[in-house]
Amino acid sequence: MVKKIDTTLAVLGGGPAGYVAAIRAAQLGADVVLIENKELGGVCMNRGCIPTKALLRTSEIVSILKKSKEFGIEDKGINIKWDVSNERKNRVVKSLGLGLDQLLPKSGVTVLKGRGTIQNPKMISVWTQEEEIEVHCAKMIITTGARPLVPDIENIHSEGVLTSNEALHLEKVPESMVIIGAGVIGLEFATMFSAVGSKVTILEMMDRILPIEDTEIATELLKIMKRQGISFKLAATVQRIEQTEDGLEVHYIDKDKNLTLSCEKILVAVGRKLNSDSEDFKKLGLNINNGALVVNENMETNIEGVYAAGDVIGGNLLAHLAFMEGKTAAENALGIAGRVNYNAVPACIYTNPEVASVGMTEEEASSAGIKVKVGRFQFRNNGRALCLGERDGFVKIVVEMDNTIIGGQILGANASEMISEITLAITLKAKADTIADMIHPHPSLNEAVWEACADAVGRAIHKI
Ligand code: NAD
């Protein structure tokens, strides 16, 4: 006999959107069942944000050691044990996973480990290892995420051609790696492997890196990454891959010339495919546009009582946005009107130095017909940056003519930490004058945000 569970809310998918939705719904007093086929925490915790940042820490330490002489520390050579670094990364992931395993039941969420199939808007069948369970629910939230997109390139499935999933489990650092795609994943993995000794070449089909990032930031980052020894082939079209006795060959076209690159591994980082293509979604009649589940501002799909959040609804595929969308979906499903503030979504790229941005870029404001002023400040004029030996990069602040902050971009060490000040400013619709008049600790990198805001209103102190 099939087991039945009755619940207020069923959540399909236990990544950042799903587990946050489940916990928020439980906080609001609902009975919640969370259905997850693999590990809790989704891509972010198991195959994305967390393991990459754990491995990037190794690369960061190596980069600091490489300039140790500047700090009066004798360089006795660096011996990298990638297997040890990998084990450390696995421990970090495991520890966060164990935390979630405890957090969810403690929050009152029932977790079902198994594959869920939506039968109708009020029922999901779940096949666990032991049994089939029918989860009957008043409302449901779909949070099924996304997976690496594998483009249609000849021999893309050859041995040694990796997506980010496999690249996180390499036992040794490849001698050489070609990365297809100069987006967020491509640049983070290039930073990771190049610092620990891999000869990295990035092939990008556009004539620039990071197509949606501020042009000035992307241009400067390109210069810095080249200086770090990473090669870039822009406006390059990959034709096919070939397996050779020594490894792999990538055949590509660069300005009408047919060229070839040899390498040990290839990483494919050309975007992600949303997990919206399962048969049950089609049968249910969910509206899907460009692969994304369509939701309204309540995060509700076209089917009443069926909500969706996170990567599967498209837009910016960011774990922290998924947290907020999951929370908002849960609140709306339970009768509390919540909204996501899409004007203030920070996005960070963990290169060396980091990139972080929020709100509008100068270019976006200009295409939207918004007249803006731009404040700038370089880290080379910031005392803390010089003490740290991190003089690369700058802060840009985009303000409307009445000084309201509508965007900010940072290229520099710890940019991912500093962007929250600008995010808060945009959330509170603050003016640049307010940040310019706010006391920032000295010496601190954040003073560059202060100075960029002051520059936007024509009164930066240390700008040369
Ligand atoms: P992306 O969309 O950021 O970049 C893909 C790049 O590949 C683009 O520059 C594109 O022009 C290029 N490209 C596409 N097809 C190509 C081809 N055939 N040959 C050469 N170049 C090609 O995608 P991504 O880097 O795979 O990341 C996927 C998603 O995951 C993004 O939405 C990203 O924001 C998110 N993500 C975020 C973080 C973070 O927040 N730090 C980290 C990793 C991923």
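These questions and answers walk through a predicted model.

Q: Is histidine 251 buried or exposed?
A: Histidine 251 sits in strand β12, which covers residues 248-254. The cut-off for buried is under 20% relative accessible area. Histidine 251 has 13% relative accessibility, so this residue counts as buried.

Q: Which element gives the most to the lining of the second largest pocket?
A: The second largest pocket holds about 240 Å³ of space. Its lining has 13 residues, and Met324, Val340, Asn341, Ala344 and Val345 are the closest to the centre. Two elements give two or more residues to this lining: α9 (319-333) and α12 (415-427). The top contributor, with five residues, is α9.

Q: How many residues in the lining of the second largest pocket are charged?
A: Take the lining of the second largest pocket by class. Six residues are nonpolar and five are polar. The charged residues number two.

Q: What is the volume of the largest cavity?
A: Rolling a probe the size of a water molecule over the atoms shows where empty space is left. The count comes to one cavity of 30 Å³ or more. The volume of the largest cavity is about 40 Å³.

Q: How many residues in the lining of the largest cavity are nonpolar?
A: The lining consists of Pro148, Thr163, Ser164, Ile185, Val268, Ala269, Val270, Gly271 and Arg272. By class, three of these residues are polar and one is charged. The nonpolar residues number five.

Q: What is the distance from an oxygen atom of the ligand to a polar backbone atom of isoleucine 185?
A: There are 20 residues around the ligand, and Ile185, Glu188, Glu204, Gly271 and Cys348 come nearest. Isoleucine 185 is on that list. Its polar backbone atom and a ligand oxygen are separated by 2.8 Å.

Q: How far is a backbone N or O atom of glycine 271 from an oxygen atom of the ligand, and what is the value for valine 184?
A: Glycine 271 places a backbone N or O atom 2.9 Å from a ligand oxygen. Valine 184 also has a backbone N or O atom by a ligand oxygen, and the distance there is 3.2 Å.

Q: Is serine 444 buried or exposed?
A: Serine 444 belongs to the loop between α13 (432-436) and α14 (447-456). Buried requires a relative accessible area under 20%. Serine 444 has 11%, so this residue is buried.

Q: Which residue has its backbone oxygen reached by the side chain of serine 444?
A: Beyond four places in sequence, serine 444 is in contact with Asn382 and Arg384. Alanine 385 is 59 residues away in sequence, yet its C-alpha is 7.7 Å from that of serine 444. The side chain of serine 444 reaches a backbone oxygen at 2.6 Å, and that oxygen belongs to proline 441.

Q: Where does proline 443 lie, and what is omega for its peptide bond from histidine 442?
A: Proline 443 is in the loop between α13 and α14. The bond from histidine 442 to proline 443 is cis, and omega is near -5°.

Q: Which residue is joined to proline 353 by a cis peptide bond?
A: Proline 353 is in the loop between β19 (347-349) and β20 (354-359). Omega for the cis bond is about 5°. The partner of proline 353 in this bond is asparagine 352.

Q: What is the phi of asparagine 155?
A: Asparagine 155 is in the loop between β6 (146-148) and β7 (161-162). With 37% relative accessibility, asparagine 155 counts as partly exposed. This residue is not a glycine, but its phi is positive, at about 65°.

Q: What is the phi of asparagine 403?
A: Asparagine 403 is in the loop between β22 (394-400) and β23 (405-412). Its relative accessibility is 12%, so asparagine 403 counts as buried. Although asparagine 403 is not a glycine, its phi is positive, at about 80°.

Definitions and conventions. Residues are numbered from 1 along each chain as its sequence is written. This is a predicted model: local features need pLDDT of at least 70, side-chain atom pairs count only at pLDDT 80 or more; totals for chains, interfaces and linings use all residues. Side-chain values use heavy atoms; hydrogens and water are left out. Helices (H or I, at least four residues) and strands (E, at least two) are DSSP runs, numbered from the N terminus. Buried means under 20% relative accessible area, exposed over 50%, partly exposed in between (1.4 Å probe, protein chains only). On a 1 Å grid over the protein atoms alone, a cavity is a set of points where a 1.4 Å probe fits but cannot get out, and a pocket is an open set with protein on both sides within 12 Å along at least five of seven lines; lining residues have an atom within 4 Å of a point. Grid points are joined across faces, edges and corners, and a volume is the space filled by probe spheres set on the points. Ala, Val, Leu, Ile, Met, Phe, Trp, Tyr, Cys and Pro count as nonpolar, Asp, Glu, Lys and Arg as charged, and the others, Gly among them, as polar. A residue is near a molecule or strand if one of its heavy atoms lies within 4 Å of it. A polar contact is a pair of N or O atoms within 3.5 Å; within protein, one must be able to donate a hydrogen and the other to accept it, and residues adjacent in sequence count only if both atoms are side-chain atoms. Contact means heavy atoms within 4.5 Å.
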